[in-house]
Amino acid sequence: MEICVAKNAGACYGVSRSLDIVKGSCNDSRKIATLGELIHNPLVVKELSEELGVSVVDSVKEAAEKGIEKLIIRSHGVPLEVLREAEESGIEIVDATCPYVKNVASSASLLAGLYPAVVIIGKHGHPEVGSVASYIRAAASEVYIGETVEEVDKFLPELKELNDSVGVVSQTTQSVEVFEDMVKYLKDSGVKVEVENTICVATKKRQESAAELAKQVDAMLVIGGHNSSNTNHLADLCKENCEKVFHIESVEELKGVDLSSVNKLGITAGASTPKSQIDKILDEIKTMS
């Protein structure tokens, strides 16, 4: 079986940077934790805990109760009010927020200062979206979140009533196609928009590489956390260009993947998937074939 790995695949700059920050912070005996999971990769989170003693807390209060002495802000960032709470807690704060996520917050805040509302094309409940939304609210602007026509339709009447332009930004890991479709839908619906395309360059490159490779192979294997938005977007994009697509998180999940009839296999991986995980799965596939 021929195996082809997408030109752009695996851990992006922001994720690699966050991991380096965590590892560099484990240089003393102080209790350390991340505020929320550092990245959307359960295997990495588990490794950080088992190998470096880095735990995960869900709030600043929990960190204080557990005696955490060094608190790391996850790569997705945290809401502005949580960041302020952390800074006032007396716990040492280490900021591992991805610079591209900070760029979205900055763009959203700027738009919020100019327009009465800002739309985030992104996933409800995603930590990055929650963080960006807090910066919009801090600028006294309304925030709306949606990544499907059905979600946008729920707040479309309110946008039309504003009689003013609205800002639009994107979650960094959003599908380029979804973002462009939603912007077009807003415009076609009569909403005046001021758009800032804040999709991460690395995300765009991974999507383009995965789509191109998916057209050339019998099956695609997408590696990354099942809770990772960018990895799920990659899998969806591959399904549009290839009949057989398997999204796996670990070597163990390969047991449920039938590659017996595959002559040419394409492989891609989400931005939160380190090279070591890709290599481990590649080695296992080679022993299987």
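Trainee: What makes C238 count as buried?
Mentor: Relative accessible area decides: under 20% is buried, over 50% is exposed and in between is partly exposed, with a 1.4 Å probe and protein chains only. C238 comes to 0%, so it counts as buried. Keep in mind that this is a predicted model, where local features need pLDDT of at least 70 and side-chain atom pairs pLDDT 80 or more, while totals for chains, interfaces and linings use all residues. Residues are numbered from 1 along each chain as its sequence is written, and side-chain values use heavy atoms, leaving out hydrogens and water.

Trainee: How do you know whether C238 is bonded to or too far from the closest cysteine sulfur?
Mentor: A disulfide needs two cysteine sulfur atoms within 2.5 Å. The closest cysteine sulfur to that of C238 is in C242, 7.4 Å away, so this is too far for a bond.

Trainee: And what about the sulfur of C4?
Mentor: For C4 the closest cysteine sulfur is again in C242, at 12 Å, which is too far for a bond. C4 is buried too, at 16% relative accessible area. The structure holds zero disulfides.

Trainee: What makes Y144 and F155 an aromatic pair, and of which kind?
Mentor: Rings of Phe, Tyr and Trp (its six-membered ring) pair if their centres lie within 6.5 Å; planes under 30 degrees apart are stacked, over 60 edge-to-face, and the rest tilted. Y144 and F155 are 5.0 Å apart centre to centre with 35 degrees between their planes, and the pair is tilted. By this rule the count is one aromatic pair.

Trainee: Which parts does the pair of Y144 and F155 tie together?
Mentor: Y144 lies in strand β7 (residues 142-146) and F155 in helix α7 (residues 149-161), so the pair links parts eleven residues apart in sequence. Those names come from DSSP runs, numbered from the N terminus: helices are H or I with at least four residues, strands E with at least two. Y144 is buried at 10%, and F155 is buried at 7%.

Trainee: Why is strand β6 called largely enclosed?
Mentor: Five of the five residues of β6 (residues 117-121) are buried, so the rest of the structure largely encloses it. In a regular strand the side chains alternate between the two faces of the sheet. Here A117, V119 and I121 are buried on one side, and V118 and I120 on the other.

Trainee: How do you know that β6 and β7 pair?
Mentor: Two strands pair if DSSP finds at least two bridges between them. β6 and β7 have five, in the parallel sense. One of these links I120 to its bridge partner I145 in β7.

Trainee: How do you know on which side of α2 the buried residues V44, V45 and L48 lie?
Mentor: Look at the arc, taken from the directions from the helix axis to the C-beta atoms. In α2 (residues 42-52), V44, V45 and L48 are buried. They span an arc of only 105 degrees, so they are on the same side of α2. E50 and E51 are exposed on the other side.
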